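Subject: Structure for you to look at

Hello,

Here is the structure I said I would pass on, followed by my notes on it. Please open it and read the notes alongside.

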Amino acid sequence: MRLVVAKCQIDYAGRLTAHLPMATRVLMIKADGSVLVHSDGGSYKPLNWMSPPCTLREGTTDEGVPEWTVTSTKTDDTLRILLAEVISDSSHDLGVDPGLQKDGVEKHLQELLAEHPATIAPGLTLVRREFPTAIGPVDLMCRDAEGRSVAVEIKRRGEIDGVEQLTRYLELLNRDPLLTTNGTVSGVFAAQQIKPQARVLAEDRGIRCVTVDYDALRGLDDPSHRLF
């Protein structure tokens, strides 16, 4: 990972345009290729970013001011970063991340849905739990009734961050020819509660939202509720 603290101006152009005037910010270039722009306030979310696959080109303006141009190789969107002053520039090898450790309820919810994937969608079958990707494991990799791959991200409470996480997984998974032989990999965002903003974002990205009844799932594992 490369971290740059700089006085900079940011301009995003593509499906929409956005402008960040000159100010001191943190620029994060991650090993997966993503570029994120952070401030020292305004919560933990980046002010702007470019998701992989993308390319970063370092150059200068006609006036000799350092300039980065980040271009998405998927959509041709661009992130132009004008660097008026670089305060710090350092690189760090973070190694392989072990992945997020789920809390008790979320972990159990994943186990229950892995045992009963048809509760997410009729005809859905499990391929593997914790399906590995370069940026972390997908909670469940499944197949639908037509044999198409379906990635399922599971949260106790569904928020925008979870949708962003699943979006990044889908970008990688859809570059795997072994997973796309029957069509693109689709996504399902499953949670006990899903915030309205997260649902809107998910649906805009073609991700299906499923609200999960934890107690009902637990009942499926209760021997007294089984039919023999």
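Asp 144 is buried, at a relative accessible area of 16% (buried is under 20% relative accessible area, exposed is over 50%, and partly exposed is in between, with a 1.4 Å probe and protein chains only). Its side chain meets that of Arg 148 in a salt bridge, 2.9 Å from N to O (a salt bridge is a side-chain nitrogen of Lys or Arg within 4 Å of a carboxyl oxygen of Asp or Glu). Arg 148 itself is partly exposed, at 34%.

Before the rest, two notes on the source. The model is predicted, and local features need pLDDT of at least 70 while side-chain atom pairs count only at pLDDT 80 or more, but totals for chains, interfaces and linings use all residues. Residues are numbered from 1 along each chain as its sequence is written, and side-chain values use heavy atoms, with hydrogens and water left out.

Salt bridges

The whole structure has 10 salt bridges. In one of them, Glu 58 pairs with Arg 2, with 2.8 Å between the closest N and O atoms. Glu 58 is in strand 5 (residues 54–60) and Arg 2 in strand 1 (residues 2–13), so this pair ties together parts that lie 56 residues apart in sequence. Helices (H or I, at least four residues) and strands (E, at least two) are DSSP runs, numbered from the N terminus. Both partners are partly exposed: Glu 58 has a relative accessible area of 49% and Arg 2 has 21%. Arg 2 and Glu 58 also belong to a network of salt bridges that takes in Asp 89.

Another salt bridge joins Lys 155 and Glu 153, whose closest N and O atoms are 3.4 Å apart. Here Lys 155 is buried at 12% relative accessibility, and Glu 153 is buried at 0%.

The chain overall

The protein chain has 4 helices and 12 strands. Its C-alpha atoms fill a box of roughly 80 × 35 × 35 Å along the principal axes. Of its 228 residues, 38% are buried. Among contacts between residues at least 6 apart in sequence, 48% join residues at least 24 apart (contact means heavy atoms within 4.5 Å).

The chain carries 26 positive and 33 negative side chains, and the centres of the two sets are 2 Å apart. In that count Lys and Arg are positive and Asp and Glu negative, with His and the chain ends not counted; each charge is placed at NZ of Lys, CZ of Arg, CG of Asp or CD of Glu.

Nonpolar cores

Which residues have the most contacts inside the largest nonpolar core? They are Ala 151, Val 163, Leu 173, Phe 189 and Ile 207, in a core of 19 residues. A nonpolar core is a set of buried Ala, Val, Leu, Ile, Met, Phe, Trp, Tyr and Cys residues joined through side-chain atoms within 4.5 Å. Two or more residues come from each of strand 9 (138–143), helix 2 (160–173), strand 11 (186–194) and helix 3 (196–204). Helix 2 gives the most, with 5 residues.

Leaving aside neighbours within four places in sequence, Leu 173 is in contact with residues including Phe 131, Met 141, Ala 151 and Val 185. There is also a second, separate core of 18 residues, among them Leu 112, Leu 124, Ala 190 and Leu 217.

Strand 2

Pro 21 lies in strand 2 (residues 18–29) and is partly exposed at 47%. Not counting residues up to four places away in sequence, Pro 21 touches Cys 8 and Gln 9. Thr 24 is in strand 2 as well and is partly exposed at 48%. On the same terms, Thr 24 touches Val 5, Ala 6, Lys 7 and Ile 87.

Backbone points to check

Pro 52 and Pro 53 are joined by a cis peptide bond, with omega about 5°. Pro 53 is in the loop between strand 4 (48–50) and strand 5.

Asp 76 is not a glycine, yet has a positive phi of about 70°. Asp 76 sits in the loop between strand 6 (66–72) and strand 7 (78–91) and is exposed, at 61%. Glu 130 also has a positive phi, near 50°; this residue is in strand 8 (residues 125–131) and is partly exposed at 30%.

Regards
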